[in-house]
Amino acid sequence: MLTFQDIVMRLKVYWARQGCIVQEPFDCEVGAGTMCPETFLRVLGPDPYRVAYVQPSRRPADGRYGENPNRLYKHMQLQVILKPAPEDVVELYLKSLEEIGIDLSRHDCKLEEDNWESPTLGAWGVGWQVMLDGLEITQFTYFQQCGGLDLDVVPAELTYGLERLAAFIQNVDSIYEIRWNDRWTYADVRLADEEQYSTYNFEEADVEFVWKEFDLHEAECRRLLGRYGDSSDPVDRRRFPLLAAFDQTLKCSHLFNTLQARGAISVTERAQVIQRVRNLAVGVATAWVHQQRAARDEAA
Amino acid sequence: MSDLLLEVGTEEIPARMISGARRDLKRRFIDCLRDLGLEGGARVSVEATPRRLALFADGLPRKQEDRVVTLRGPSRKVGFDADGNPTRAALGFARKAGVPVGELESGADGRLMLRRRIAGRGTGGLLAERLAQVVLAVRFPRSMYWEGKGSPRFIRPIRWVVALLDGEVLPFELAGVVSGHSTWGHRRLGSGPLAVSGAESYRRALGDNAVILSSEERSRKILCEAEAILPAGCRLRKNSRLLETLVNETEFPTAILGSFDPGYLSLPEEVLETVMLVHQKYFAVEDGSGAMTNRFVAVANSGGDATGEIQRGHERVLRARFNDARFFWDFDQRSTLLERVEDLKAVTFQAALGSYWDKTESNLEAARALAIALGLNTEVAERAQRAVRLAKCDLTTEMVGEFPELQGKIGGLYATAQGEGGHVAHAIYDHYLPLGAAGPVPRSTAGCVASLADKLSTLGGMFGLGLIPTSSKDPLALRRAAFGVIRIVVESAMPVSLNRLVEISRAGKHETHLHSYLLERLRHWLQTRGGFSADVVQAVLAASDAVPVDVLSRARALAAVRTTPDFESLAVSFKRIRNILEHAEVAGSIGAHELDTDLLEQGAEAELHAALQSVAIRIAEHNARQDYEASLREIAVLRPALDRYFDDVLVMTDDEAVRRNRLAFLAGLLVKLSTIADFAIIAPDPAGKKRR
């Protein structure tokens, strides 16, 4: 039987063979692999790119203290970006499933309409949820807009839910029963995270402190974006830390999720806070496109 | 005759859009044929699966008809001199047309002309130029681009195109794809590319490669197989929308029977159905008595399930979903609906109108006012109050968080579980009803009041803010809320006036807007659900639009008697009276005159007066009992007296005092007899058609 890590490694090898850079996880808290610079910033602009990486994705409100067999505070996504989307992208994806031992001719595989939208990132796309015997295992999206910008080149984004896929392949009813390797289970590796972070997000997080943190990261991001707008020297611009500004955006996004799980944001406030994060994301995306274009022009 | 096969191969088209795309492609193709002069007798059909739109056109003409066009030049007199030699004018015309001057003819109008035959173009060339445009024009609710910014848009990427006219490839490019003669089978059960030579070989190739092109056939396969695998005595719970979705989500559907732990049947059926039908797209299975069983039917896009893996997979997912639902149920019982009232302060209803707690307060006020307006007894009024107090509390539950489509129903179910009593629980359960134009209204008075209170306070709040919907913009679904109000008061026969409803809604300075908005919905109800003709509706509303349910009673009565012969001619007399009065008004000869019975002439006038007196008394009695049909029959009795009156009496006589008295008499008659409907509005019915 394929273990959790076998599945991850086989998929990485498969996508490496398709010309993908195999990246390691991004080192900020994110809610989804889409938010990492390897996706969010790389899909902008005209340059081709192919990348695959596993991204632990934190969703504070989804935690269940490790008691629910299907829900996690932090789950693992395998994120694949193919830019531009090749003509046979759906087939490439289906073959990746066969690579991890799923004989699709003996299963019920459907691509059901599911359009994706992230208001905080100013991003949306159209696509499907891939249903395998009634289980959603992957989100497949053709990006159309990111950071509020129409994309020059349309990438395909494949987001595999690795726990679901592993539970399916190993035929277990609970995520915690997944064999991580021959010796340890998913519970052995991750149960403590689920218990402790659920407690933190729902009970312990200091609302005032988290708000303060949010405000600080927002201010830092805005300060940086303002400084980028002020600079005119080409070298200064090339070295300007927009990537650091984007880190601040991601921090805000995660802190927003934490506040929401903690029940500290009323529905009225919610829309406003989303707008604040979105402003940062759009600001970074716009500046990033500008910075990249300037670099290309300089090289030419 | 020529036959066309066009197949647009795509990535998976959303199921909900496929039927529309079939119709739209067919229509646009036929329009295109007409536009090109190729429509003569072609049979066009379109089939679709998630991965292809296939158009067949048989019996196309091979080419356009030849046409003759006529070019007109100068007159013959100008073109040729007296000796018959061409002038510069004729030479110039011939040169421009590119013919020798000898080919010019004279037209009947004396001008020179040239008839030129234009050969019709071949069908193939014409279609090759136009087909891409036809396909890309097909409408989808949301389209995408997949090449680069500015590239063509379609619902999903187009990956191949088959275009064959009489077996020959029609060469063109569609969104970057060059047409050819190769199609593809089912993604996993078939193969490709598959070369085809025409409609027949195309259908065969698909059949051999696990694609059932006909949606009717896919539908049949699903139903037949389901029938065959169900245990004896069980049947599918029919759901045509689910069936259509599954038909449009599969190229080779196979029905698979699954089951779940019967223990889950203790969850409410609403929850089980939502999980199975909406989330998992499974058919529920019921036994002979209609009760839900612990079976379900999934439809796989696959050839079969020899090892039972597909069945086990679907069962596992369903188990997880039901487990969640049970968890939510148990978790939610930790606090009662009543304990959740305070939590509503954190749930926004509308930015300017506040939270659902605020909304509940205004709903309570509206319910109180409704109870008074409807004269409800204390018991019912209190039930309604209790229901309204609790109705929104399920918004704070985990269950509604997971299944938002069940809001209201969950509240009702929880109320039952928490011992609220059937009347209150039902009222909460029903308080979003009616949902559509035809769905049921709440089953009890308390439920009607709870629903009316919710809708009226929403309407009043939104109109009060000036958020008045237009025909194209109604994001808050106020039209549906207003129609719901009308449906409830009319269909549940609640004797309350529009004015009172508007007053209860508290629309502030926009009260008149809301009044006319509700009136418009009432008119719509009468014509659509009521089935009354436009003139009947207009006539009863003209008499009075005060109380909707009373309007309905009068419309019924009027529709019942309007086709009787006496009634038709009464309508004519009423029009005549109306005309006389209007003319007199223009001439300034109408004032506030009391009828002076001494001035009535013996004979027809006095007789009509006497008849009217006794009829008016009986009408008042009938009307008091809302027996409007009896009243209308009374009015019909007046016909001979009215006819004689117009035969014998000259209203606009020269004697001013008499004239004024007669006008006053007619005006009074019109008022007395127009309490049910304004008969002058009733259209004559020359064809004698039966109308309501």
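Biologist: How many residues of domain 1 of chain A are in contact with domain 2 of chain A?
Modeller: In this predicted model, 22 residues of domain 1 of chain A are in contact with 23 residues of domain 2 of chain A; a contact requires C-beta atoms, placed from the backbone, to lie within 7 Å. Residues are numbered from 1 along each chain as its sequence is written, and chains are lettered from A and ligands numbered from 1 in the order in which they are written. Local features need pLDDT of at least 70 and side-chain atom pairs count only at pLDDT 80 or more, while totals for chains, interfaces and linings use all residues.

Biologist: Turning to the chains, how many residues of chain B are in contact with chain A?
Modeller: 35 residues of chain B are in contact with 35 residues of chain A.

Biologist: Which element gives the most to that side of chain B?
Modeller: α9(B) does, with 10 residues. Helices (H or I, at least four residues) and strands (E, at least two) are DSSP runs, numbered from the N terminus.

Biologist: How do α23 and α24 of chain B cross?
Modeller: The axes of α23(B) (604-624) and α24(B) (628-637) come within 8 Å and cross at roughly 165°; axes are lines fitted to C-alpha atoms, for helices over the stretch in contact, and angles run from 0 to 180 degrees between N-to-C directions. The angle makes α23(B) roughly antiparallel to α24(B), a label for angles over 145 degrees.

Biologist: Which residues of α23(B) make the contact?
Modeller: Val615(B), Arg618(B), Ile619(B), His622(B) and Asn623(B) make it, and their counterparts in α24(B) include Tyr628(B) and Glu634(B).

Biologist: New topic: what is the strand order in the open sheet of chain B?
Modeller: The 5 strands run in the order β2-β3-β1-β9-β10, with antiparallel pairing; two strands pair if DSSP finds at least two bridges between them.

Biologist: Which strands stand at the edges?
Modeller: β2 (43-49) and β10 (168-169) of chain B each have a single partner strand, so one side of each is left without a neighbour in the sheet.

Conventions. Contact = placed C-beta atoms within 7 Å. Parallel < 35°, antiparallel > 145°, perpendicular 65-115°, else oblique.
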